[in-house]
Each structure stands twice: as C-alpha cells, then as structure tokens.
Amino acid sequence: MTVISWIILGLLAGAIAKFLLPGRDPGGLIGTTLIGIAGAFLGGWISARWLDHPISKDFYDGAPWAAAIGGSLVLLVAYRLLFGNSRD
C-alpha cells in the first residue's frame with residue numbers, strides 16, 4: 001500500500017473510531033481526522049514490527065483495517081485522557 005492509501009485508510013479509520021467511541025473530542029473534526037491518520041500509520045507499524053504480521057499490499061484486506069482502527073482508537077483514547085477537559 002502506498003502512503004496515499006494509508007492516508008485514505010486513516011481518514012476512514014478515524015471516522016470508524018469516532019463512531020465506536022462517541023462523545024466530544026478536544027480537537028473536533030480536524031483533530032479526530034488527524035488522529036485517524038496517525039493511528040493508521042501507528043497501527044500498521046505496530047502490526048508489522050511487533051505482531052509479526054506484515055501488512056499486505058491489498059487495500060481491502062482485513063488486517064490493515066483492523067490495525068488502522070485499533071491504532072486510531074488507542075490514540076483517540078490517549079488524546080481524550082490528556083486533553084479531555086480543554087473544551088469545557
């Protein structure tokens with residue numbers, strides 16, 4: 001997969017993570033989108049590096065999607081823990 005496809009996957013993973021973890025985010029839509037992109041890269045890197053599951057070249061394979069959504073969820077939870085009260 002190319003960098004562009006990881007960015008597109010990150011945008012979609014961020015939206016899915018937001019759907020799975022509803023509520024107010026400190027960064028709003030743009031922050032959640034950027035967290036989704038970073039989560040996709042983080043999830044893919046962790047999957048390839050430590051889980052011994054190399055990322056396939058196919059965009060529609062389930063492993064990159066699971067890694068991207070998992071990474072987005074982890075970053076979204078961490079972001080809310082660190083900056084959760086900034087919009088109150």
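Trainee: Which pattern does the chain follow when read along the sequence?

Mentor: The structure is a predicted model. Its secondary structure comes to three helices and zero strands. Read along the sequence, the chain therefore follows the pattern α-α-α.

Trainee: What percentage of the residues in the chain is buried?

Mentor: A residue counts as buried when its relative accessible area is under 20%. The chain has 88 residues, and the buried share of them is 33%.

Trainee: Which helix gives the largest share of the nonpolar patch?

Mentor: The nonpolar patch on the surface is formed by Val3, Ile4, Ile7, Ile8, Leu11, Leu12 and Phe41, with about 590 Å² of accessible area together. Phe41 has its place in helix H2, residues 28-49. The largest share, six residues, comes from residues 3-20, that is, from helix H1.

Trainee: Is Phe41 buried, partly exposed or exposed?

Mentor: The relative accessible area of Phe41 is 36%. Buried means under 20% and exposed means over 50%, with partly exposed in between. Phe41 is therefore partly exposed.

Trainee: At roughly what angle do the axes of H1 and H2 cross?

Mentor: Two packed helices are described by the angle between their axes and the distance between the axes. H1 passes H2 in a right-handed crossing. The contact is made on the H1 side by Val3, Trp6, Ile7, Gly10, Leu11, Gly14 and Lys18, and on the H2 side by Thr32, Thr33, Gly36, Ile37, Ala40, Phe41 and Gly44. The axes of H1 and H2 come within 7 Å and cross at roughly 115°.

Trainee: Is Ser72 buried or exposed?

Mentor: Ser72 has its place in helix H3, residues 62-83. Not counting residues up to four places away in sequence, Ser72 touches Ala13, Gly14, Ala17, Ile35, Gly36, Gly39 and Ala40. Its relative accessibility is 1%, so Ser72 counts as buried.

Trainee: What distance separates the C-alpha atoms of Val77 and Ala17?

Mentor: Val77 lies in helix H3 and is partly exposed, with a relative accessible area of 37%. Val77 and Ala17 are 60 residues apart along the chain. Their C-alpha atoms are separated by 9.8 Å.

Trainee: What distance separates the C-alpha atoms of Leu12 and Trp65?

Mentor: Leu12 has its place in helix H1 and counts as partly exposed at 40% relative accessibility. Leu12 and Trp65 are 53 residues apart along the chain. The separation of their C-alpha atoms is 9.2 Å.

Trainee: What percentage of the contacts with a separation of 6 or more comes from residues 24 or more positions apart?

Mentor: A contact requires heavy atoms within 4.5 Å. Among contacts in the chain with a separation of 6 or more, residues 24 or more positions apart account for 79%.

Definitions and conventions:
Residues numbered from 1 in each chain as written. Predicted model: local features only at pLDDT ≥ 70, side-chain atom pairs only at ≥ 80, totals over all residues. Heavy atoms only, no water. Patch = residues over 30% accessible without salt bridge, like charges linked within 9 Å, V, L, I, M, F, W, Y side chains within 5 Å. Areas by Shrake-Rupley, 256 points an atom, 1.4 Å probe, with all protein chains shown as cover. Salt bridge = Lys/Arg side-chain N within 4 Å of Asp/Glu carboxyl O. Helix = DSSP H or I, 4+ residues; strand = E, 2+ residues; numbered from the N terminus. Buried < 20%, exposed > 50% of the residue type's maximum accessible area, 1.4 Å probe, protein only. Axes fitted to C-alpha atoms, helices over the stretch in contact; angles between N-to-C directions. Left-handed = near helix turned anticlockwise from the far one by under 90°.
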